[in-house]
Amino acid sequence: MDSQNSQTLNFPTTSRAHLRPLGVSIDDSLFTETKNTQKRKLSQKRKTLLSGSFSIGGHLSPWPRYISDQTILHNRKPCSDDYRKRAGSLQQPLGTTKPRYLEQLENYLRKELLLLDLSTDSAQELRLQPYREIFEFFIEDFKTYKPLLSSIKNAYEVMLAHQREKIRALEPLKAKLITVNENCNERILAMRAEERDEISTLKKEKMNLLKLIDKKNEEKISLQTEVTKLRKNLAEEYLHYLSERDARKILIADLNELRYQREDMSLAQSPGVWGEDPVKLTVALKMARQDLTRTQMELNTMKANFGDVVPRRDFEMQEKTLKELQEQLESLRDDYEEVRKEHEMLLQLHMSTLKERDQFYSELQEIQRTSTPRPDWSKCEDVVAGGRDRWHMLAEGKNSDQLVDVLLEEIGEGLLREKDFFPGLGYGESIPPFLRFDGIVENKKPTKKEVVKLLKDAWKERITEEQKEKFPDFFFSFLERHFGPGDAMAWAYTIFEYIKLFHTNEVMSQFYAVLMGKRKESVYIKQKETIAQLLKEMTSVDSQNEGLLTMEQLSAVLKSTFPLKKDERIQELMEAGGWHPSSSNADLLNYRMLFMEDEEGQSVPFVQKLWEQYMVEKDEYLNELKQELGLELNEEVTLPKVREALMNIDPSLDKQTLNHYLRQAFQLPMTEMPEEGEEREEGTVTQLQTALEQLQMSDIRRMGPREPEPAS
């Protein structure tokens, strides 16, 4: 107790006027000097507060154990109404007083809280400072518990500083969120304005189409009226010509009668007639009467036969008029039919437009709800290694999806280079054999060019290998031969991470597909053999060995090398090789440039187009096979059905190739492959989807046309 009585109140904490901001580093000497100055000021402050030193031991008592804890100072504002009510309502027991040390601390706390300016933004931090000082007084006066109390205080101080840093870091994100929200609102308003403009345009177009339909209907009515009028005129003309025909017949009869009368009068008045022989005259009269009777009979026959006949001239004129009217009628009918079809098409177009509008409106609402802004790919120029020129080279001719792959590869390459080690994947059955390792594996950090060169060397060695082992085992053996057993696992993990990352690199993506069993290695080998054969054919055509071919020669070589390709695909290969519609057949082409590769193994567009056409033709071949089988993907199929379907879609298949396709589809070893007609064939069953997937992984291609060409 004597040692405690000799202690005085010391205030080592800083005052509010000298708070050091968190996160700001200052010089150690300056901080030490400031701290000493603050200690001196706090010491003076304590002397002023307590008006001299006093003994702690004389005022520390077991008071809190014998009274209610309600008399202890609560964390409340000293001058608040709640505090006054609680102070008035609490009565201490008679004969029990607080220790003076506690009372002075409470008085000091009230005084400091009253002096605070709580109108500033940092009011909560200022309010915390008096409590911090009181706690510092306790730490300094209780020497025994000072380490524990100091560690508690420091832990809380560090936590408060951490929280302040987090709040300060979140302030820019809040501003950025507000900016993004404003941009999204502006885009939504712009899209709504565009929608309103589009709707108004469609309404105007609809009104124009309705006006056009009304105009066509008016033309149709006018044409029908004109046809009715022409028919009426035709009937009137027909009646007119009938009346003219009857009048003409009457006129002819009158003329004949007048002619006979004149002849009789002339005979009667002729003096020489009486001098003729009467017998002769009688015979002549008899003959004349016979002629008259015959003529009368012929006339009656003509009237009977041709009473309703009009003159040829009138007939031809009427026929010509009728033909013109029929042509006009047919033309009007065609016009009417065309207008009717156009009207129906416009109605269908109008209905489809309404459906599209509703669909677009729904899509617009969905896009407004879920869409994000279009990325500005130019921002990647400053991020990608190599700057603007390299980014333009990487992004040339690629869509957004491909650009995302390129950007992910660039980011992934940077992350790979930052890694020094890879964690081992263990020895599970799902882990590839060349990655089975438990522990830490070193990242060898090769360049992309080195990886491509290493993969090409592996392919060369694999092609020349005599004893074929599984490709993953060969890959690990290859690494052991090149880098030794100690570094083989590290190189296996490093190369695996690279080929898994770079999907757009042809060499890496194809090696990864073969390594993981997603594609048979025969696909890669056959493609290389096809390219080599094509280059050999072009070289044989180049008699001067100048490396140049005309476009006509290039087309002939492609057609002879790929006789089953359609003309459209030959045209695509020509265009990929540099041909364009304005080229002539005599233009020369450096065919060796069509097979060049860059340092990273990327082929020129010609070889890429060959690979794309191979994959497309394989998909078409498998689709024909599926349609020929007529089964769903989840249904089972037998070996004889697949054999029959393959022969139907590709009659040129030889027995060896057909058996190879069947072994790939049903995953049968050569020794277990049943011959055609054996009973085991019906028992060999697999799911159609599984068979098609196995064929997709293998090297399959059409051997001949589906329909054999007729013999000439």
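Pro651 sits in the loop between helix H19 (639-649) and helix H20 (655-666). Helices here are DSSP runs of H or I with at least four residues, strands are E runs of at least two, and both are numbered from the N terminus. With a relative accessibility of 35%, Pro651 counts as partly exposed. The scale is this: buried is under 20% relative accessible area, exposed is over 50%, and partly exposed is in between, with a 1.4 Å probe and protein chains only. Gly704 is 53 residues away from Pro651 along the chain, yet their C-alpha atoms are separated by 7.0 Å. Pro651 also touches Pro705 and Arg706, leaving out residues up to four places away in sequence. Contact means heavy atoms within 4.5 Å.

The model is predicted, so local features need pLDDT of at least 70 and side-chain atom pairs count only at pLDDT 80 or more, while totals for chains, interfaces and linings use all residues. Residues are numbered from 1 along each chain as its sequence is written, and side-chain values use heavy atoms, with hydrogens and water left out.

Now the whole chain. The protein chain has 22 helices and six strands. Of its 712 residues, 29% are buried. Take the contacts between residues at least 6 apart in sequence: 68% of them join residues at least 24 apart.

Next, helix H12, which covers residues 448-464. Its 17 residues should span 24 Å at 1.5 Å a residue, and its end C-alpha atoms are 25 Å apart, which agrees. The expected span is 1.5 Å times one less than the number of residues. Lys448, Val451, Val452, Leu454, Leu455, Ala458, Trp459 and Arg462 are the buried residues of H12. Viewed down the axis of H12, these buried residues fall within an arc of 160°, so they line one face of the helix. The arc is taken over the directions from the helix axis to the C-beta atoms. Lys453, Lys460 and Thr464 are exposed on the other side of H12.

What does H12 meet in H13? Helix H13 spans residues 471-501, and its axis comes within 12 Å of that of H12, with a crossing of roughly 130°. Axes are lines fitted to C-alpha atoms, for helices over the stretch in contact, and angles run from 0 to 180 degrees between N-to-C directions. The angle makes H12 oblique to H13. Under 35 degrees counts as roughly parallel, over 145 as roughly antiparallel, 65 to 115 as roughly perpendicular, and the rest as oblique. The crossing of H12 and H13 is left-handed. A crossing is left-handed if the near helix is turned anticlockwise from the far one by less than a right angle, and right-handed if clockwise. From H12, the contact residues include Val451, Leu454, Leu455, Ala458 and Trp459. Among those they meet in H13 are Phe471, Phe474, Phe478, Phe483, Trp491 and Ile495. Phe483 lies in helix H13. Phe483 is partly exposed, at a relative accessible area of 27%. Its contacts, leaving aside neighbours within four places in sequence, are Leu454 and Trp491.

Lys445 lies in the loop between strand S2 (440-442) and H12. Lys445 is not a glycine, yet its phi is positive, about 55°. Its relative accessibility is 30%, so Lys445 counts as partly exposed. Asn545 is another non-glycine residue with a positive phi, near 55°. Asn545 is in the loop between helix H15 (521-541) and strand S3 (548-550). At 51% relative accessibility, Asn545 counts as exposed.

Two further helix pairs remain. Helix H5 (residues 100-114) packs against helix H6 (residues 123-141) at an angle of about 155°, with the axes 9 Å apart. That makes H5 roughly antiparallel to H6. Their crossing is right-handed. H5 contributes Tyr101, Leu105, Tyr108, Leu109, Glu112 and Leu113 to the contact, and the H6 side includes Pro130, Ile134, Phe137 and Phe138. H6 has 19 residues and reaches 28 Å from its first C-alpha to its last, close to the expected 27 Å. Its buried residues include Leu126, Pro130, Ile134 and Phe137.

The second pair is helix H17 (residues 567-577) and helix H18 (residues 605-629), whose axes come within 8 Å and cross at roughly 160°. H17 and H18 are therefore roughly antiparallel. This crossing is right-handed. Arg569, Glu572, Leu573, Ala576 and Gly577 of H17 meet residues of H18 including Phe606, Leu610 and Val616.
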